[in-house]
Amino acid sequence: MNFAVRRMSSGDAADMHRIHTQAVTAVCAEYVEPAAVAAWLHGRTAEKYVEAADTGGETFWIAAVEDGPVIGFASWRQDELVSLFVDPAWHGRGVGRALFDACEKDAAENGHCLLYTSPSPRDED
């Protein structure tokens, strides 16, 4: 199954929230106490992605199956990669790399050089 990377639309917010929750729960649960995972997700809503794009200066990129569901997203602001989350069912299939590349290219075209870190223990997989 193929996927494409595109800019976020406000209609993507619910899928982004679902993916964010699934990714954090699946990946971090192996390494972080459940209370910490719950605290990280507490208060997150679909509307906050739209707000971050509209007023927070974040630029979001979406990965979606062609004619299908959203499977990942990433965002950048100024010189920072802010988020990168992929549906756990799509891990290891190039989705994260494609999203990162889209953010990096977009940032460069807008005069920025992304700084990023590896916050997840599984980033090395």
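Read along the sequence, this protein runs β-α-α-α-β-β-β-α, which comes to 4 helices and 4 strands. Helices here are DSSP runs of H or I with at least four residues, strands are runs of E with at least two, and both are numbered from the N terminus. Keep in mind that this is a predicted model: local features need pLDDT of at least 70, side-chain atom pairs count only at pLDDT 80 or more, and totals for chains, interfaces and linings use all residues. Residues are numbered from 1 along each chain as its sequence is written, and side-chain values use heavy atoms, with hydrogens and water left out.

Now for the overall picture. The C-alpha trace spans about 40 × 30 × 30 Å along its principal axes. Of the 125 residues, 36% are buried, meaning under 20% relative accessible area with a 1.4 Å probe and protein chains only; exposed means over 50%, and partly exposed lies in between. Take the contacts (heavy atoms within 4.5 Å) with a separation of 6 or more: 63% of them join residues 24 or more positions apart.

Let's zoom in on strand β4, residues 80–86, where Ser83 sits. Ser83 is buried, at a relative accessible area of 11%. Its side chain makes a polar contact with the side chain of Ser75 at 2.7 Å. A polar contact is a pair of N or O atoms within 3.5 Å; within protein, one must be able to donate a hydrogen and the other to accept it, and residues adjacent in sequence count only if both atoms are side-chain atoms. Leaving aside neighbours within four places in sequence, Ser83 touches Phe60, Phe73 and Ala74 as well as Ser75.

Asp67 lies in the loop between β2 (59–65) and β3 (70–77), and its phi is near 60°, a positive value in a residue other than glycine. Asp67 counts as exposed, at 90% relative accessibility. Gln78, in the loop between β3 and β4, also has a positive phi, near 55°, and is not a glycine either. At 57% relative accessibility, Gln78 counts as exposed.

Finally, hop over to helix α2, residues 34–41, which holds Ala36. Ala36 is partly exposed, with a relative accessible area of 35%. From Ala36 to Ser9 is 27 residues along the chain, and their C-alpha atoms are separated by 30 Å.
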